[in-house]
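Have the model open beside you, and let us walk through it together.

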Amino acid sequence: MMFLKEDKMSENLMESSAMKTVEALLQENRIFKPSAEFVDSATLKDEKIYEEARRDRLNFWATQAEQLDWFEKWNKILEWNAPFAKWFIGGKLNASYNCLDRHIKNGMGKKTALIWEGEPGDTRVISYEEAYREVNKLANAIKALGVKKGDRVAIYMPMVPEAAFAMLACARIGAVHTVVFGGFSAEALKDRIMDAQAKLLITADGGWRRGKVVPLKEMADQAVKDCPSIKNVIVLQRTQNAVNIQQERDHWYHDVVKAAAEFCEPEKMDAEDMLFILYTSGTTGKPKGIIHTTGGYMTGVSATTRWVFDIQPRDIFWCTADVGWVTGHSYIVYGPMANAATQVMYEGSPDWPERNRFWKIIEKHQVSIFYTAPTAIRAFMKWGTQWPEGCDLSSLRLLGSVGEPINPEAWVWYYKFIGREKCPIVDTWWQTETGCILISPIASLTALKPGSATKPLPGIDVKVFTEEGGQIHQGGGYLALTAPWPSMLRGIYGDPERFRQTYWSKWHNDIYFTGDGAKLDDDGYLWLLGRVDDVMNVAGHRIGTMEIESALVDNPMVAEAAVVGIADEIKGQAIAAFVILKEGREPTSETEDILKRHVATKIGSIARPSKIIFTADVPKTRSGKIMRRLLRDVAEGRALGDVTTLADPVVIEKLKEKYQEA
Ligand code: PRX
């Protein structure tokens, strides 16, 4: 079994006095119990929620589902035909109705839904009533372009309110959205549109990032020219940069919305009707279209938003994720909006125009619950405490972390310098596939240990297994989910066999393999150890090693490539590529640059390798499988692990010499 080495901040990050404080706090080996003040003001005060879920898991989930508005109630809670699950069978609901209409009916129309801040500093405050109007009009506009229930719509947008409106408008008419992160390249967008056979694309002229325009429309044009399924493109004017408008195919967002009627009847969706497809990386070169359906997903995200974030009417919640990732789907759009939360949404970069942008936003908008990623926290640590110290962060009462294991140093720094020792931290483990948070503290009930995601949430069955499927009660192994949960993925779009193979074949067909390693400590606390498959987690972004290898061999200079994730102080993991060039090609720094650019063009700049090592060969097993574990040892300068299965041991010795030169 291969685990990532436990994260430790380097000497140079640990030097400052802030870091000495962190070290001292860590030495105390403290368990952080919820403060009386926090518990007093929290919604959940009693551990009986865990007991209720244990006693009758299905009815427990049904009680959660009842918190949504249904047009028709279900007649059966679960049908489990492993690995295929159906939840709330016969139930009818609409996700956009649950995020908008019902709040207005309940007299909350005037409540602020979104406080949006653009990177240049422009601000918009949007009430639930206004969001409702926008979504209705857009839904009618989409319908007028011929989109019907079940059709797929691709969304490629910056972080603007219209991205959320577009998702909700699709949900309103029963169209299936597939949001593609705005940092993905034209090719990556094309692949996803093609796989989903999307009919409509909703995009923008551009978005602001570090003072520059990200030319989304330009990229969309390149993608769409090879996508015959796309009949129409809706373009939001955000940055006002010049874009190419193709008559008939392209329509300005403001024009189509202006022409649309005010009300659009929400489609009565079956609980098991598809809500969205979201592509994520796996262990092959081709991303997987993860399918989520309506009833179970909405139940999972809305319940966990309440339990984990304790969102109350007075709270201002800020999740810094992009809507292009599952975190943005579940904890910007569907979870918080189903709970009528008031949220901050920010378009740009945390260091623009200065490294205190996030803290300024918290101060200005009085954010009380803040949810971000360890990679961001580690960057903040590096930038120094002077940035948060210069801002008033006293509105904060709860902090969250997501996307990768949070190392104890980063946890303690976050606790001390952002939470000012009064905010609990919820380290939330979950995946695109799980739909909602599955392992996390409930801040008012769970004692915290820095670096541990603590325990499964109520109604979630988690176990740690050995390779052979033996249960581990203490120590490390593979993280598995042993009972179905409402917001679980329902499949991989167009590929049921891959669904079965990837998630349900490691042990038994009713046990879900997460792809993560985890350790159980003496108190039964879970410590996530990172991926155990060929998937990397780079700055909280999930990227398959094979995807990057495919992108590299796509370049005519490359004969073969092997990619590994190596430890990185800020990003958690960075990408190292071992490349064998074709005969006659020179391993120069220019070649290295070309190849890095090539990967960025094929996938997006998040996938750009930080290091390319040219080599004559890569170590393989006798059956021809690349031994990434050994490459990781080489790249991280460790003693080599087991080499007994290696086809040609000389290869690795040569590589070691070579790498030390690089
Ligand atoms: O390895 C785990 C890591 O992120 C993976 C899921 O990535 P993705 O589907 O992109 O979703 C990210 C946001 C939910 C997991 O398999 N991961 C996510 N959260 C944590 C984590 N690892 C450790 N601790 C976490 N809190």
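What volume does the largest cavity have? The largest cavity has a volume of about 60 Å³. A cavity here is a set of points, on a 1 Å grid over the protein atoms alone, where a 1.4 Å probe fits but cannot get out, and lining residues have an atom within 4 Å of a point. Grid points are joined across faces, edges and corners, and a volume is the space filled by probe spheres set on the points.

Before going on, a word on the model. It is predicted, so local features need pLDDT of at least 70 and side-chain atom pairs count only at pLDDT 80 or more, while totals for chains, interfaces and linings use all residues. Residues are numbered from 1 along each chain as its sequence is written, and side-chain values use heavy atoms, with hydrogens and water left out.

The structure holds 4 cavities of 30 Å³ or more. Among the residues lining the largest cavity are Phe181, Phe184, Arg192, Tyr279 and Trp325. Strand 7 (176-179) and strand 14 (274-280) each give two or more residues to that lining; strands are DSSP runs of E with at least two residues, helices are runs of H or I with at least four, and both are numbered from the N terminus. The second largest cavity holds about 40 Å³ of space, and its lining includes Phe184, Arg192, Tyr279, Trp325 and Arg542.

Arg542 leads us to the ligand, as it is among the closest of the 17 surrounding residues, together with Asp427, Thr428, Thr432 and Arg531. A polar side-chain atom of Arg542 lies 2.7 Å from a ligand oxygen, and for arginine 531 the distance from a side-chain N or O atom to a ligand oxygen is 2.8 Å. Helix 13 (326-338), strand 20 (425-428) and strand 26 (526-531) each supply at least two residues of the shell.

Finally, look at the backbone. Cis peptide bonds join alanine 82 to proline 83 and tryptophan 352 to proline 353, each with omega about 0°. Aspartate 310, which is not a glycine, has a positive phi near 50°. It sits in the loop between helix 12 (294-309) and strand 16 (316-319).

Definitions and conventions:
Near = heavy atom within 4 Å. Polar contact = N/O pair within 3.5 Å; in protein donor to acceptor, adjacent residues only side chain to side chain. 1 Å grid on protein atoms, 1.4 Å probe; cavity = no way out; pocket = protein on both sides within 12 Å on 5 of 7 lines; lining within 4 Å.
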